Structure formats: structure tokens, C-alpha cells
Amino acid sequence: MKSKCVLIFLVVVWLFNMGKGIGCGSKVNAEMNIPLSTWVWDTKKWMLNQEAILEKLQEKKVTNVYLQIDTHLSPSVYRHFIQQAQAQGISVYALDGAPYWIGPSGIEEQEAFFNWITAYQAEADEQQQFSGVHLDIEPYLYKSWENNRAKSILQYQYVISQAAVQSHELHLPLAVDIPFWFDEVPFKNSNGSGSLGRWVIQYADEVTIMAYRNHADKENGITEITENERKWGCVLSTRIEIGVEAMATDEGEYISFSAKGEEKMMQELGILLTKCQAENPPSSIAVHYFDSWLQMKP
């Protein structure tokens, strides 16, 4: 466990040394020196334009794609895309999840999702298979979160624990999206007690922290709000990815990089990596989401 943390640190330091002279805040440095991920939600659009998306993913130097599963598309469409992506060094994760997964119909939805992946993996060649499972559930958006928090948390934990079992049966890593403030959500139930954020990091193989702020440093910046999660990831041997927002939002001008542009986003990510390189650096950076990223000004 300790050796893993040291290894991550050494790799990040080495990568930064490679970029010496470029400037830690430059676009090139931020893009080149750490793996980049992105979510692809409009699956049908992009799967019908595979050449275009693969070209754009390469331009952005993306190495991990979280592709939402549209079961109405033929498996052959996914097989072709994944094979081409893997040939370019891009891993594709099967993405799904929704707030209602913690509700009455949630278990059925989860089972259907994993049944589809199981059937797909069995029929696909190795170079056409998904590299992982990625869940974006956001239970706090479900109606019961406000009026019965304890029950909602318990159901959410059940969904995650089941997903961990199902993913590992497929020999796939389980990745989970959580907001940065889950470290401050307490729980006490049959799963024990403590921070919900730490619990998820303990169960998942990879966790993406939705650290939706458009500044890395200063108070309430990305570095500060992900401190606990990065530390727990190192202790629990879980890969911690930092997610940033590129989509326009009315939740506050400090949330998204949409208005600031891609160059400013990369500068802030460079600052983040510099601040974190000596202590619990992230394993990768994720930009939410691909279409919004493409629409950003330079």
C-alpha cells in the first residue's frame, strides 16, 4: 500500500521533470503529464460518427472514455469502437447510473445493466471488451435523500456493494463518481459508521471526485476540497481521479470552466498537479463532459 503511494508520487515528479521549462501552468504540460478522462453521454450520436470522435479524443489526449450504454445500439457498434479506441491507447468503460437506482426500480435497472455487460463481454474479442465499469448515480438528487437520508444512504451503499461484486465477477474494475462533499456526509448503519466518501473509496477500485470548481488554489479550490479523498485513496489503495466541469451551469460562476475557456482550465489543472505532487497526487483528471469540452473557447 505504502509502495503504491510512493510509486504514484515518483511517476508524477518524473512527468513534471519531463515538462521542465514548459511551465507547470501551460496547456501542454497539464495535458501531457497526467492521464485524461471524459464522459460521453450522447452515445448514439458519437457511435454513428466513430471516426470523428476518435480523432477528437486523440486531439484532447484522452486515455479513458466513460461511454454511457445505449442498449438500443447493436453490440457490433461498440465492438468496432472499442477495438479502434484500444488501438489508439484509449480505454473504454461502460457507463451508467441514475439517482433512481436507489429507488424501488433501481435493482432491476442495475441488473439489466450488468446483464448487458456480461453478455457483451462474453461475445466480444479481448480487444473489443470494456476495460471497466463506471457508475454515476448521484443519490442526493433522488427525492428520498432529503426526507429519509439514512434510508437513502443505506440503499446507495447496497447498490455500490452489489456493483463491486458484479464488476469483479466480470474481472473489471469498478469506478464510481462522487461529489467532493461526500467526505462530510456521515452514516451509521449495518455497514458501520463514518464518512460516506471514505466508504465509497474503500469499496470501489477507482473513484472520480466531482470537484466542480474553476480554480485549483486558494480557499475552496480543487486542491483543498479533494484533500481528504486523495489521502484516503492512498491509504486504501484506490485510484483517485479529479473531475472538473466544462459544461455551462447556473449553479454559480465558480463551478465551471465553461466561461473561462480551455487554456485557463489547463492552467488551473497544472497548478493543481503542482500543489499535489508532493502529497497524494491524483491518478488522473476527468473533464465533464466530452461535448461541453469540445464547445469550450480556446
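Student: What should I know before I start?
Tutor: This is a predicted model, in which local features need pLDDT of at least 70 and side-chain atom pairs count only at pLDDT 80 or more, while totals for chains, interfaces and linings use all residues. Residues are numbered from 1 along each chain as its sequence is written, and side-chain values use heavy atoms, with hydrogens and water left out.

Student: How many helices and strands does the protein chain have?
Tutor: Helices (H or I, at least four residues) and strands (E, at least two) are DSSP runs, numbered from the N terminus. Here the protein chain has 13 helices and 10 strands.

Student: What share of the residues is buried?
Tutor: Buried means under 20% relative accessible area, exposed over 50%, and partly exposed in between, using a 1.4 Å probe and protein chains only. Of the 298 residues in the protein chain, 53% are buried. As for contacts (heavy atoms within 4.5 Å), take those with a separation of 6 or more: 77% of them join residues 24 or more positions apart.

Student: How do I read a nonpolar core?
Tutor: In soluble globular proteins, nonpolar side chains tend to be buried together. A nonpolar core is a set of buried Ala, Val, Leu, Ile, Met, Phe, Trp, Tyr and Cys residues joined through side-chain atoms within 4.5 Å. The largest one here has 90 residues, and Phe81, Phe113, Phe130, Tyr156, Met265 and Trp293 touch the most other members. Setting aside neighbours within four places in sequence, Phe81 contacts Met47, Gln50, Ile53, Leu54, Leu57, Leu67 and Val92.

Student: And how do I read a pair of helices?
Tutor: Two packed helices are described by the angle between their axes and the distance between the axes. Axes are lines fitted to C-alpha atoms, for helices over the stretch in contact, and angles run from 0 to 180 degrees between N-to-C directions. For α6 (residues 106-123) and α8 (residues 149-169), the axes come within 11 Å and cross at roughly 15°. That makes α6 roughly parallel to α8 (angles under 35 degrees count as roughly parallel, over 145 as roughly antiparallel, 65 to 115 as roughly perpendicular and the rest as oblique).

Student: Which residues of α6 and α8 make the contact?
Tutor: From α6 come Ile107, Gln110, Glu111 and Phe114, and from α8 come Gln155, Tyr158, Val159, Gln162, Ala163, Gln166 and Ser167.

Student: Where can I see a second pair?
Tutor: Look at α9 (residues 196-203) and α11, whose axes come within 10 Å and cross at roughly 35°. Gly197, Arg198, Ile201 and Gln202 of α9 meet Glu229, Trp232, Gly233, Val235 and Leu236 of α11.

Student: Is Asp291 buried or exposed?
Tutor: Asp291 is buried, with a relative accessible area of 8%. Asp291 belongs to helix α13 (residues 290-295) and, beyond neighbours within four places in sequence, contacts Lys45 and Trp46.
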